Amino acid sequence: RRFNASVGLNGSKNDLTLNLFRLSRKPYSAEELDTDLLGFPLFFNDTKQTGGNVAWRYRFSPRTNVNLNFSFVRFDFSSVNRTNDNLVFAANVTKNFTSDLIGMLQYQRIDRISNIQFGNQNVDLSANAVTVSLTKNF
């Protein structure tokens with residue numbers, strides 16, 4: 001089952017988009033059959049995903065944009081009573097130097113908060129990334 005809703009507001013210099021979703025998956029086969037086939041239990045055998053995203057774009061000029069994006073997704077693994085929360089924040093500036101040359105500077109922060117463990121290790125994750133790109137279209 002899937003639910004998805006989106007709304008967008010567009011202005012002369014600003015665009016704002018909001019997305020919400022929910023996805024449920026139920027297995028067609030018994031968990032024991034999947035474990036026997038693959039050799040390990042499937043956490044995603046009975047899952048629910050719930051989340052949303054907010055994106056904002058501001059046009060400084062006809063050739064320069066600033067984009068901010070925040071998303072949250074919760075994964076519920078019902079068969080093993082486990083949860084992952086994924087949070088992503090991204091901000092970037094794009095500049096069209098010419099009609100076929102585009103530059104971008106982006107910062108991204110990713111966090112995964114989980115109650116899943118492998119051995120004595122938690123699978124939480126945090127990461128920061130900075131990307132600079134230059135794209136030439138031919």
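A residue counts as buried when its relative accessible area is under 20%, as exposed when that area is over 50%, and as partly exposed in between (1.4 Å probe, protein chains only). Keep that in mind as we walk through this predicted model, where local features need pLDDT of at least 70, side-chain atom pairs count only at pLDDT 80 or more, and totals for chains, interfaces and linings use all residues. Residues are numbered from 1 along each chain as its sequence is written, and side-chain values use heavy atoms, with hydrogens and water left out.

Let's start with the overall layout. The chain has 138 residues, and 22% of them count as buried.

One of the buried residues is N84, with a relative accessible area of 10%. You'll find N84 in strand 5. What is N84 in contact with, leaving aside its neighbours within four places in sequence? The list is V73, R74, F75, F77, R112, I113, S114 and I116, where contact means heavy atoms within 4.5 Å. Take R74: this residue is ten residues from N84 along the chain, and their C-alpha atoms are separated by 5.7 Å. With S114, N84 makes a polar contact, side chain to side chain, at 2.4 Å. (A polar contact is a pair of N or O atoms within 3.5 Å; within protein, one must be able to donate a hydrogen and the other to accept it, and residues adjacent in sequence count only if both atoms are side-chain atoms.)

Now for the rings. A pair of aromatic rings is described by the distance of the centres and the angle of the planes. Rings of Phe, Tyr and Trp (its six-membered ring) pair if their centres lie within 6.5 Å; planes under 30 degrees apart count as stacked, over 60 as edge-to-face and the rest as tilted.

Searching the whole structure turns up four aromatic pairs. In one of them, the ring centres of Y58 and F60 are 5.0 Å apart and the planes meet at 85°, so this pair is edge-to-face. Y58 is partly exposed at 23%, while F60 is exposed at 51%. Together with W56, these two form one aromatic cluster.

F89 and Y107 make a tilted pair, 6.5 Å centre to centre with 55° between the planes. Because F89 lies in strand 5 (residues 82-98) and Y107 in strand 6 (residues 101-114), the pair ties together parts that are 18 residues apart in sequence. F89 is partly exposed at 31% relative accessibility, and Y107 is partly exposed at 33%.

Notes
Helix = DSSP H or I, 4+ residues; strand = E, 2+ residues; numbered from the N terminus.
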